[in-house]
Amino acid sequence: KGFAEAADRKSSELEAALRAASEAGRWPIVFDTSPCAYRMRRFCGDRLPVCDSIEFVHDKVLSRVAMTRRTEPVVVHPVCSVRKMGSVDKLTAIARRCSDEVIAVADVRCCGFAGDKGFDRPELNAHALRHLKESIPAACSHGYSSSRTCEIGLSEQAGFPYRSIIDLVERCAS
């Protein structure tokens with residue numbers, strides 16, 4: 001929201017809590033929301049092992065869990081922070097372990113929710129995703145991403161629910 005000083009102060013508070021919870025970095029810190037992982041990685045990633053859920057699932061979990069691939073197609077949406085962190089391929093790879101058909105809508109680069117602005121300014125979300133529904137095959141009824149606010153906007157515009165990619169992994173884990 002443009003309050004950099006307040007954001008840094010709260011990030012410092014969170015870093016202190018994460019340092020204690022992770023036993024000074026002994027345990028990985030996994031964020032289930034990519035924008036938060038991105039922020040904290042930039043803020044304290046050189047001091048603590050901050051990890052996004054996409055990277056953690058891809059790098060540490062998938063090789064240890066048997067997966068039952070689903071036959072129905074799924075659509076994935078890499079949120080802006082996933083793109084900035086360079087994890088789009090990992091998100092897609094996770095989805096491919098879970099479904100025979102994975103759709104990524106190339107024309108939709110951002111959900112337009114802008115953090116939480118989509119709650120107050122739904123026209124941002126509607127405009128950013130104006131081509132989403134027509135770009136998704138009719139057989140698709142499930143979408144996955146890694147940011148709850150983005151998933152809210154994507155769900156509204158697609159006409160079917162978007163959930164966390166972790167939800168898909170959990171459904172497919174044997």
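Predicted model: local features only at pLDDT ≥ 70, side-chain atom pairs only at ≥ 80, totals over all residues.
Local features are described where pLDDT is at least 70, and residues are numbered from 1 along each chain as its sequence is written.

Let's start with the overall view. The secondary structure comes to ten helices and six strands (DSSP runs: helices are H or I with at least four residues, strands are E with at least two, numbered from the N terminus). The radius of gyration is 17 Å, close to the 16 Å that the globule rule gives for 174 residues, so the protein is as compact as a globular protein of that length. That radius is taken over C-alpha atoms, and the rule is 2.2 Å times the number of residues to the power 0.38. Buried residues make up 41% of the 174; buried means under 20% relative accessible area, exposed over 50%, and partly exposed in between (1.4 Å probe, protein chains only).

Now look at helix α1, residues 4-21. Its buried residues are S11, E15 and L18. Seen down the helix axis, these fall within an arc of 70°, so they line one face of α1 (the arc is that of the directions from the axis to the C-beta atoms). What covers them includes β1 (29-31) and α2 (34-44). On the other side of α1, E5, K10 and A20 are exposed.

Finally, find S155 in helix α9, residues 148-158. S155 counts as buried because its relative accessibility is 19%. Leaving out residues up to four places away in sequence, S155 touches F160, P161 and Y162, where contact means heavy atoms within 4.5 Å.

Technical notes:
Heavy atoms only, no water. Expected span 1.5 Å × (residues − 1).
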